[in-house]
Amino acid sequence: MIQSNVSLPPEYVLRKAKPFDMWLIVFFVFRAKLDPSQLKWQQFWVIKSDGHLVAFGQLRNFHLAQELGSLFVAAAWRNRGLGTVLVQHLITQASQPLYLKCLKHQLVNFYIQRGFVSVNFQDLPPSLKSKFGLSQLRKRLTKAFVLFMKYEIPTERLYIPSIE
C-alpha cells in the first residue's frame, strides 16, 4: 500500500461510504453522466463538508485489477484539492494494478499529475477489456475521446533496498 502525502483541510471529512449515502451518489452519477454500472456503496469513499456530501469515488474490483471510477466533486467545491485528496486516497487503498477510463481531454493532465499513464486497450487485463469494450467500440466508431490509463508508482516513491 502506498502512503498519501496530501491532507484534507479540517472542515472536510473523508470516510467510507455508508448505505444511506448511496441515493445521493446515484443521483450525482446520473446527473454527471458517469458510468452507472457496478455502483456498490461498499466500494465508495466520500468527502463531506458540514454534513453535505461534496465528493466521492470508488474502487471497482475486477480479476487481477481495480478501476478508479465514479470520481465526482460537486461544482461548488471544485478547485479546492478535494479531487486530488480523493484520488490519492483511493490509490493508497488499491490492492491490485489500478486503471481508469478518462472521457474528457481536460482531465488527462489531472490524472497524469497524479501518477497515471496512458495504456492501449490491448494492454488492459482481460477483466477490464470486457468492462471497457463498449467504450473502445464507441471510440473507434464515433472517434469519441476515450483514454485508458494505469497508475504507475512514481520512481521517487520506490524504495529499493541496497544489496550488500
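Modeller: Helices (H or I, at least four residues) and strands (E, at least two) are DSSP runs, numbered from the N terminus. The model is predicted: local features need pLDDT of at least 70, side-chain atom pairs count only at pLDDT 80 or more, and totals for chains, interfaces and linings use all residues. Residues are numbered from 1 along each chain as its sequence is written, and side-chain values use heavy atoms, with hydrogens and water left out.

Colleague: In which helix is His-89 found, and is this residue buried or exposed?

Modeller: The helix that holds His-89 spans residues 82-93 and is α2. Buried means under 20% relative accessible area and exposed over 50%, with partly exposed in between (1.4 Å probe, protein chains only). His-89 has a relative accessible area of 14%, so it is buried.

Colleague: Leaving aside neighbours within four places in sequence, with which residues is His-89 in contact?

Modeller: Contact means heavy atoms within 4.5 Å. With neighbours within four places in sequence left aside, the partners of His-89 are Leu-14 and Trp-45.

Colleague: Why is strand β2 largely enclosed by the rest of the structure?

Modeller: Phe-44, Val-46 and Lys-48 point one way from β2, while Trp-45, Ile-47 and Ser-49 point the other way. Strand β2 covers residues 44-49 and is largely enclosed because the number of its six residues that are buried is six.

Colleague: Which residue in β3 is the bridge partner of Phe-44?

Modeller: Two strands pair if DSSP finds at least two bridges between them. Strands β2 and β3 (residues 52-62) run antiparallel and are joined by six bridges. In β3, Phe-44 has as its bridge partner Gln-58.
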